[in-house]
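Please look at the sequence and the structure first.

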Amino acid sequence: MSASDRSPGGPRVHRATVTRIHEHLPGTRSLFLRLPAGERLAFTPGQFVSCALPVGDDPPLVRAYSLASSPEDDELELCVDRVAAGPGSGHLFTLAPGAEVEFTGPFGSFALAEPPPAPLVFVGEGAGVAPLRPMVRRALERGGSQPITILHGARYEQELIYRDDFEAWAARHPRLTWEPVLRTTEAEVGSIDALEGLVLERFVRADADRSRRFWICAVGALPGRLRDALRAAGYERKAVRVEQW
Amino acid sequence: MVRTEILPKIRIIYESGEPERTIEFEGSGPFHHDGEPGSILDILLGHGVHLEHACGGKCACTTCHVIVREGEENLSPSTEKEEDELDNAPGLTMHSRLGCQAIVKGDITIVIPKYTINQVSGSH
Ligand SMILES: Cc1cc2nc3c(=O)[nH]c(=O)nc-3n(C[C@H](O)[C@H](O)[C@H](O)COP(=O)(O)OP(=O)(O)OC[C@H]3O[C@@H](n4cnc5c(N)ncnc54)[C@H](O)[C@@H]3O)c2cc1C
Ligand code: FES
């Protein structure tokens, strides 16, 4: 049974082929996917695809993966973390070039089509920077003068994936600041961590400017906590967008 | 066997005209691996009834949108996270919920809207 049989009248099913794999670090890799000739996926930076993964019994397991590439790129890029005992991510880690990936989409409103004329703040932790990458690229390409900040959280230096891109973009565009935020001590885990503390310090306590727009993506409770704190501090509801994995 | 206990029921009506179904469920889940344990999505998938769930039940897509016709009081109250995402649902009503977030505590009747592509909205 294919995904298209599963849901008559449902979303259109795409089948793409893995062309290459880039290992960012052990446990985090990018799959580059190519659609059949003549097929293109129209999407907005920040959106995700919904993969139907043949794991276990029918029906396939459904898992969301953000597009780390930009709509203008020839190939689609998914940046995937291997989750301990995770069936979906575990399956994606078995794929080699030539394998097929079936998905529907794009989906999601955690996206940026046109950058608003306000300071833009992107907060991502680990692979959570994947959907932010095409959004930042879109914001830079559209021009404008608003400052753009990326706060990039990670446990250690090697985990700062896409660092080369962010540094190169920041060198070319003085209005872009890329700022790595590393966890300094193990004790921070489970308590307020460096990234959360920095966001609150800089964008809540340091000034009264509430014109900023936020896109925040991470695994677990951090995005929800930041959303609540930023809204409570006076940012408009729609100004704070989060995606929780 | 005579059943003494009355189990909660979910009656499912399809806007597409597909025949309606009713499922009874026992316990509070999880029945499946997607959505909040005991949510409409979790119960439906666990009982072999398909409901779209493009984000895997993580409150990020609205494809699990359902309209509650009866028994709204038998669902967990919606959270800010659910309200944020619901805002993007095509055909949003006063009685809309996300199937992956609403936890079922008693009898309900839901309508599954015809699928509408979840286009990006309000992205700036
Ligand atoms: C909108 C959206 C976009 C997503 N985009 C990506 C993406 O680009 N890359 C990606 O790797 N994952 C992404 N995810 C997470 C992905 O969909 C799966 O949840 C993840 O791969 C785990 O699935 P699993 O079947 O392997 O394990 P499961 O057993 O289903 O998951 C176990 C737990 O792992 C947690 N988890 C999810 N993602 C991660 C992660 N990256 N690192 C550590 N723990 C995690 C989940 O909260 C879950 O509770 C996204 C999720 C959503 C909702
Ligand atoms: S399954 Fe995506 S929001 Fe419920």
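## Salt bridges within chain A

In helix H3 (residues 132-141) of chain A, A:Glu141 and A:Arg137 are both found, four residues apart, about one turn of the helix. Helices (H or I, at least four residues) and strands (E, at least two) are DSSP runs, numbered from the N terminus. The side chains of these two residues, A:Glu141 and A:Arg137, form a salt bridge at 3.2 Å, N to O. The term salt bridge stands for a side-chain nitrogen of Lys or Arg within 4 Å of a carboxyl oxygen of Asp or Glu.

This is a predicted model, in which local features need pLDDT of at least 70 and side-chain atom pairs count only at pLDDT 80 or more, while totals for chains, interfaces and linings use all residues. Residues are numbered from 1 along each chain as its sequence is written, chains are lettered from A and ligands numbered from 1 in the order in which they are written, and side-chain values use heavy atoms, with hydrogens and water left out.

Over all chains, the structure holds 30 salt bridges. A residue is called buried under 20% relative accessible area, exposed over 50%, and partly exposed in between (1.4 Å probe, protein chains only).

| Salt bridge | Distance, N to O | Relative accessibility |
|---|---|---|
| A:Arg29 and A:Glu23 | 3.2 Å | A:Arg29 14%, A:Glu23 40% |
| A:Glu141 and A:Arg137 | 3.2 Å | A:Glu141 48%, A:Arg137 22% |
| A:Asp207 and A:Arg210 | 3.9 Å | A:Asp207 29%, A:Arg210 25% |

In the pair of A:Asp207 and A:Arg210, A:Asp207 is partly exposed at 29%, and A:Arg210 is partly exposed at 25%.

## The two domains of chain A

Chain A is split into domain 1 (5-107) and domain 2 (120-244), with bounds that come from an automatic or database domain assignment. Between the C-alpha centres of domain 1 of chain A and domain 2 of chain A the distance is 25 Å. To their contact, domain 1 of chain A gives 18 residues and domain 2 of chain A gives 15 residues; contact means heavy atoms within 4.5 Å.

The two domains of chain A bury about 1,300 Å² between them, and carbon and sulfur atoms give 53% of this area. Buried area is the accessible area (1.4 Å probe) that two parts lose on being put together, summed over both. On the side of domain 1 of chain A, the residues that lose the most area to domain 2 of chain A are A:Leu25, A:Pro45 and A:Ala68, together 34% of what that side buries.

Across this interface of domain 1 of chain A and domain 2 of chain A, the rule finds four salt bridges. Elsewhere in the list of bridged side chains, A:Arg133 and A:Glu77 meet at 3.2 Å, N to O.

Strand E1 (13-25), strand E2 (28-34) and strand E5 (76-81) of chain A are the elements that give two or more residues to the side of domain 1 of chain A that touches domain 2 of chain A. The largest share of that side, three residues, comes from E5(A). By class, this side of domain 1 of chain A has seven nonpolar, seven polar and four charged residues. Here Ala, Val, Leu, Ile, Met, Phe, Trp, Tyr, Cys and Pro count as nonpolar, Asp, Glu, Lys and Arg as charged, and the others, Gly among them, as polar.

## A residue in strand E4

Is A:Ser66 buried or exposed? A:Ser66 counts as buried because its relative accessibility is 7%. A:Ser66 belongs to strand E4 (residues 61-66) of chain A. Leaving aside neighbours within four places in sequence, A:Ser66 has contacts that include A:Glu77, A:Pro131 and A:Trp245.

## Chain B against chain A

The contact of the two chains takes 26 residues from chain B and 31 residues from chain A. About 2,200 Å² is buried between chain B and chain A, of which carbon and sulfur atoms give 47%.

Between chain B and chain A the count is six salt bridges. In one salt bridge, the side chains of B:Asp84 and A:Arg231 meet at 2.7 Å, N to O. Both residues also belong to a network of salt bridges that links A:Arg231, A:Arg237, A:Lys238, B:Glu80, B:Asp84 and B:Asp87. On the side of chain B that touches chain A, six residues are nonpolar, 11 polar and nine charged.
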